[in-house]
Amino acid sequence: MLTSLNIENIAVIEKSEIELISGLNVLTGETGAGKSILVDAINAVLGERTSKELVRHGADNAYVTAVFDSVNDEVAAKAEELGIPTEDGTLIISRRISAQGKSTCRVNGAPATVSMLRELGSLLVNIHGQHDSQQLLNPDYHYKFLDMTGDSSEFMDNYKAAFKELVSIRRKLKTLTSDADTKDRRLELLNYQIKELSEAEIKVGEREELIKRRELVQNSRAIADVMNGILSALNGTDDSDGLKGAFALLQKEVSDITQLDEKSRELYEILESIIDNSEKLNDAASQRLADIDFSENELDKIEERLDLLYRLSSKYGSTEEQMLEYLAEAEKERDSIVNSDEELIRLNAEYDKAYDNTIVKADELSNYRYRLARKLENDVKEQLVFLDMPKIQFVVSFDKGKLSSNGYDSIEFLISTNPGEPPKPLHKIASGGELSRIMLAIKNIIAKNDSVDTLIFDEIDTGVSGRASRKIGLKLKSVSEHTQVICVTHSAQIASVADNHLLISKEYNNDRTFTHVTSLGYEERKLELARIMGGLEITDTLIKSAEELLNEINSEDI
């Protein structure tokens with residue numbers, strides 16, 4: 001519910017902090033004191049369109065902040081959907097309006113848009129006044145009012161489940177029966193993709209293994225090059241002799257001179273050791289070369305395979321698993337298209353079955369609503385008689401329309417204000433005051449099930465007698481037992497039953513107008529009620545009458 005409203009520089013209100021309570025809050029004051037401005041301020045913080053004219057003359061900005069405590073689950077869910085944190089069920093909504101007409105909004109300290117405020121506002125507050133009857137004038141909401149008069153949740157849940165299944169099958173049918181040329185083009189593309197992926201024979205983990213093998217092959221090639229270099233150096237090539245041959249020739253030449261020079265024997269022995277080590281080196285290099293598992297064209301094959309996998313991954317998925325999943329889905333879709341005739345027959349049969357089930361559930365929901373409608377007609381009639389509107393005939397019109405997420409019922413509230421005249425839509429006949437009282441009657445019936453926690457009635461008593469005003473007050477009091485009610489009124493009879501009476505007054509200072517909002521105690525309420533009843537002169541008789549109103553214990557059935 002709305003617990004506090006802080007207003008700054010809104011029209012004639014320089015600054016005001018208004019505390020509200022659960023139950024019935026009444027705002028009274030002289031004409032022009034600024035009662036309607038409070039409603040404008042609440043509208044602004046709920047995301048309604050504003051004007052720079054709302055900013056107090058001479059001020060750069062106007063501010064409105066509203067605090068809502070103990071918000072219901074529907075409001076909390078909407079706030080979460082909008083990315084707005086809620087702590088302890090509290091929402092603090094603020095809006096700044098500049099003198100240039102621009103505005104900024106915040107909810108619980110986080111930046112918000114006007115549309116976000118509007119979405120939340122529609123769940124937080126309903127405002128009903130002379131020129132604003134909101135949902136009551138919109139037939140699209142009438143089924144919701146009707147459903148709240150009873151407990152249609154079971155019928156609605158059963159219907160929604162059936163309707164959801166029907167819509168799912170309908171979508172599959174629509175996809176299956178799409179344009180034949182489109183299906184042919186799709187089938188051609190699927191066949192190409194399936195062929196390309198199938199021929200690739202992709203294996204999970206293959207790319208990682210190839211990368212490791214490529215690194216090994218690249219290392220093996222480097223090792224082989226070194227071993228071949230050693231063997232070439234030792235054994236020679238077609239174009240040159242090897243070291244082994246050179247050392248053998250040197251050894252022979254040294255051997256020939258050892259008989260002439262005994263000291264050359266040492267050189268012979270050194271060459272013999274070198275030749276022996278050359279043989280060992282030759283054997284070791286040959287053995288290492290034989291151990292290497294490497295062919296010259298293997299690296300090229302690895303590179304070709306990795307390039308293929310890269311090209312396929314750019315089209316079908318970054319991993320082997322994703323590419324294989326794409327292949328499986330493509331094959332499934334191809335089979336679906338190829339076997340579309342059989343699938344079409346099966347889906348049509350499913351659709352017929354689902355449609356019949358949905359109609360059964362829609363019938364059950366409609367029949368329950370019809371019973372609720374007849375009861376609502378009688379209940380509203382009783383409420384309107386109590387509110388001194390006995391000649392108004394209230395009718396819930398039922399037509400069968402197309403299936404939607406809410407059933408097939410086309411429901412609209414109709415009224416006839418004069419006997420003998422056929423009932424017509426509310427917006428064509430009812431005045432602002434009548435609409436407010438009709439809404440009050442409906443709200444009184446559905447108050448326990450209404451999801452909106454705050455109702456605002458702006459001058460609901462316009463054009464009605466004192467007796468009728470008293471009854472309107474009693475109905476407001478009854479509704480306020482389940483829903484917070486805020487009422488702007490000129491009626492002493494309504495104001496007398498308030499749980500919280502707020503006086504809107506204005507004063508003039510230095511050629512400026514200032515509006516104040518004051519919570520009244522018992523003695524102050526007597527004076528205000530006397531002023532409302534008597535106008536300019538407040539007499540003892542009027543004060544006595546006001547006291548009687550406040551002290552009256554009403555035993556009427558409300």
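Colleague: Is Cys105 buried or exposed?

Modeller: Buried means under 20% relative accessible area, exposed over 50%, partly exposed in between (1.4 Å probe, protein chains only). Cys105 has 5%, so it is buried. Cys487, at 0%, is buried as well. This is a predicted model: local features need pLDDT of at least 70, side-chain atom pairs count only at pLDDT 80 or more, and totals for chains, interfaces and linings use all residues. Residues are numbered from 1 along each chain as its sequence is written, and side-chain values use heavy atoms, leaving out hydrogens and water.

Colleague: How many disulfides does the structure hold?

Modeller: A disulfide is a pair of cysteine sulfur atoms within 2.5 Å. The structure holds zero.

Colleague: Which residues have the most contacts inside the largest nonpolar core?

Modeller: In soluble globular proteins, nonpolar side chains tend to be buried together. A nonpolar core is a set of buried Ala, Val, Leu, Ile, Met, Phe, Trp, Tyr and Cys residues joined through side-chain atoms within 4.5 Å. Here the largest has 57 residues, with Phe394, Phe413, Ile442, Phe457 and Leu476 making the most contacts inside it. Another core, of 47 residues, lies apart from it and includes Leu20 and Ile97.

Colleague: What does Phe457 touch?

Modeller: Contact means heavy atoms within 4.5 Å. Beyond its neighbours within four places in sequence, the contacts of Phe457 include His128, Met439, Leu476 and Cys487.
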